[in-house]
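Work through the exercises below with the model open. Each task is followed by its solution.

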Amino acid sequence: MQRGSDRLSVHRDDEMKHELKGLLRSGHPTRTEEWHDPEPTADDDPEVAGGPVTPARAPARIETLRFELGRILGRTSFPARPRELMGILRNRHAPDTLVESLERLPRNARYGTAHELAEAVVRVEERGRERR
């Protein structure tokens, strides 16, 4: 069998498959030495593995929501009304939960920054939870 431009030999490929077999079958690290395991995430790492940022997530939901809105909307989207911002979010393929959170905002309100928008979204979410 021709291996082409592969950098590793057949033996090394087999060895690597054997090393990963336990991890792939069990779903967790199988090594006894901790120094082999990957480092856990830090408190200030962005939420990548947890899925998209949604307004109802704690503990620092205003900061994470503001970061996500600012990242997607940018500075040029403001000042704007919720409907305009929802259109921009949809065009930029934002998560549906983020777009839906703006639907509950007052239609006549105008937001000048991502921080103002994030505060308003969280405030509306908290009022909705209090009413339940």
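**Exercise 1: a loop residue**

Task: locate His93 and decide whether His93 is buried or exposed.

Solution. His93 has its place in the loop between H3 and helix H4 (96-103); helices (H or I, at least four residues) and strands (E, at least two) are DSSP runs, numbered from the N terminus. This is a predicted model, in which local features need pLDDT of at least 70, side-chain atom pairs count only at pLDDT 80 or more, and totals for chains, interfaces and linings use all residues. Residues are numbered from 1 along each chain as its sequence is written, and side-chain values use heavy atoms, leaving out hydrogens and water. The relative accessible area of His93 is 72%, so His93 is exposed (buried is under 20%, exposed over 50%, partly exposed in between, with a 1.4 Å probe and protein chains only). The phi of His93 is near 60°, a positive value in a residue other than glycine.

**Exercise 2: a peptide bond**

Task: state what kind of peptide bond joins Phe78 and Pro79.

Solution. The bond is cis, with omega about -10°. Pro79 lies in the loop between H2 and helix H3 (82-91). Most peptide bonds are trans.

**Exercise 3: a helix pair**

Task: describe how H2 and H5 are oriented to each other.

Solution. The axes of H2 (residues 61-73) and H5 (residues 114-131) come within 8 Å and cross at roughly 130°. Axes are lines fitted to C-alpha atoms, for helices over the stretch in contact, and angles run from 0 to 180 degrees between N-to-C directions. H2 and H5 are therefore oblique to each other (under 35 degrees is roughly parallel, over 145 roughly antiparallel, 65 to 115 roughly perpendicular, the rest oblique).
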